Amino acid sequence: MTVFNSRKTEYKSLIRAIKVGEAVKLRICVPRSMKCNGALLCVTKDWESTVYYNMFWAGLTDNDCEFWEIHFTATSSGLYWYHFELETPWGKNFITNSGNGIGDITIEGGEFQQTVYDEDYETPNWFKGGIIYQIFPDRFYNSGSKKEGVRPTRVMRKWGEEPFWAEEQMGGIWNNDYFGGDLKGIEQKLPYIKELGVNCIYLNPIFEANSNHRYDTADYEKIDPLLGSEEDLKSLCKEADKLGISIILDGVFSHTGCDSKYFNMFGNYDCVGAYNSKSSPYFPWYKFIDYPDDYQCWWGIKLLPEVIEENEEYRKYICSQNGILRKWLRCGIRGWRLDVADELPDIFLDDLRKAVKEEKQDAVIIGEVWEDATTKIAYGARRRYLLGKQLDSVMNYPFADCVLNFVKYQNADVFFNEVMSIIENYPKEALDILMNHIGTHDTERAITRLVGDNPEGHDRYWQFEHNKLDDDSYFRGVSLMKIASLVQFTLPGVPSIYYGDEIGMQGMKDPFNRECMQWDNINEELLRWYKRLGEIRNGCSAFVDGEFIPVYCSHKTIAYKRAGEENEVLIAVNLDDEEQELEIGGEWDNSYAIFGESSWGGKLILAPFRYAVLSR
């Protein structure tokens, strides 16, 4: 007997976050033998006192149980926690969260979470149902254009060579090797990107910096000369827009480079930086412990002095009417991905959203948050990223982990639990545009993670020795990549392709995951697969904002559907070594089989390590 299940509509009418003022119906099912004479919904908002609500008796069931119900409405946004209390002749009993949304009658247990967000929270419609393509600019394509104003200290490499990874290769200057990928090169490859069904390109940092990753910003006002010019960015945005593709940039606002016009440790800039003088206009931006050589820096990396984002002048520089955010939006970009968003304080994120949305209402703001973004605590407070006044969305690392772990370890229960946890906690507005990646510049390549050795705890020398897969592993990896990407492309949110994953590129962590795009070594099977996924996604409206509904779960086999107003799509995957027969319901008989075979008699047959996609 189920007493309560927060993931089933017969117990909770809305399996998601709710808006302020929106009612959610909660129902518990209690055995008559308990002789319950009263039930309470006990709700505690973060940092506040518990409020008790009387529930109403709502009738009997045919298995000698009774229903108690209540409609709950919140008057302010935030995170709410709840359980139920029962009054019986033998004292109080509690219905608490035992995991996976299941409520049990226990003395002790966890709380259920209810996220409540602002009623006017809206996210950009153009982003929904789309596909993102992430590019590490130095490594995607070199147009051959002449580069002007480039420092002679930069080490230029031949395209396709292995990036420097050992200290002796770099001569003590880390991340100083470049391959010459540029904005014009990206523009030249727009037709290729469009063939993947992409409607948004996310670029890793492009502003002037003195490392190849460019997360050590030297000048927010200039494009790095190796990548091109401001005019090149405008041209890229214009030509991409003709193909229905928008450009979003990486915003690195928690720190700058020490070799920047703001800090100017090495005197390479013709200005007075914070390191040069306490009278510098940039001095208040940084937190010096013992001036000038001891200062707060990002994760202890002296090359990356931390910025005090609360500083009013810094916030004006980034967020004002003529600040950095608006400058680049006016050049044609359509949004920002925020590096380490969990290290940006609320006051900065509030200003940032106001500036971005005033300049371009449908611009998108995506934050880098590695955990559940609704429960994150930082700066001594619960963060309110997705409550309506800060981020539109986040990079969905929880989905990335659950997809790759399911394909690698084949645990269907864990997969559904992790997916439903995010669906339960996130506002629908954010859920529909979650950045669903399975690999980025910060992680090993997806194919390597699926079939390669685990690099955790190993140095770069070990990773170099284990960087390339043998032929058998690679062949298996391509098959698993097809399954992982199928799931990735059909979950709520927007799938994000890390450049080269679609052609089978492999690699351990930085810098092995940042090799040059292998234009002359394309896995055609995988590329055709990704193009087909793009066609399917762009052709089914259910993937825009359709509900996610689990249909079948057994050991190593799953089925779920995306239910939209115009169509439904069922996705089934069998990772078992044996054929499986799935009960999916007679409504799917005679449906159109995009992949696999259609069902008969409400049953779908899947061969080992096979999949099906049905549409109706």
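Me: Phe-140, buried or exposed?
Reply: Phe-140 is buried, since its relative accessibility is 0%. Keep in mind that this is a predicted model.

Me: Ok. How do the rings of Phe-140 and Trp-519 sit?
Reply: Their centres are 5.3 Å apart and the planes are at 70°, so that's an edge-to-face pair.

Me: And where are those two in the chain?
Reply: Phe-140 is in the loop between strand E12 (132–135) and strand E13 (155–156). Trp-519 is in the loop between strand E27 (494–498) and helix H14 (524–539). The two parts are 379 residues apart in sequence, so the pair ties them together.

Me: How many aromatic pairs are there by this rule?
Reply: The count is 53 aromatic pairs. One of them is Trp-126 with Phe-127, edge-to-face, with 5.2 Å centre to centre and 85° between the planes.

Me: Why does Trp-126 get called buried?
Reply: Because its relative accessible area is 17%, and buried means under 20%. Phe-127 counts as buried too, at 0%.

Me: Switching topic: which residues make up the aromatic cluster with Trp-328?
Reply: Phe-207, Tyr-220, Phe-253, Tyr-262, Tyr-282, Trp-285, Tyr-314, Tyr-317, Trp-336 and Phe-348 form one cluster with Trp-328.

Me: What lies over the face of Trp-328?
Reply: Lys-327 does, at 4.7 Å from the ring centre.

Me: And Tyr-611, what sits over that ring?
Reply: The charged end of Arg-610, 4.8 Å from the centre of the Tyr-611 ring.

How values were computed. Residues are numbered from 1 along each chain as its sequence is written. This is a predicted model: local features need pLDDT of at least 70, side-chain atom pairs count only at pLDDT 80 or more; totals for chains, interfaces and linings use all residues. Side-chain values use heavy atoms; hydrogens and water are left out. Rings of Phe, Tyr and Trp (its six-membered ring) pair if their centres lie within 6.5 Å; planes under 30 degrees apart count as stacked, over 60 as edge-to-face and the rest as tilted. Buried means under 20% relative accessible area, exposed over 50%, partly exposed in between (1.4 Å probe, protein chains only). Helices (H or I, at least four residues) and strands (E, at least two) are DSSP runs, numbered from the N terminus. A charge sits over a ring if NZ of Lys or CZ of Arg is within 6 Å of the ring centre and within 35 degrees of the ring normal.
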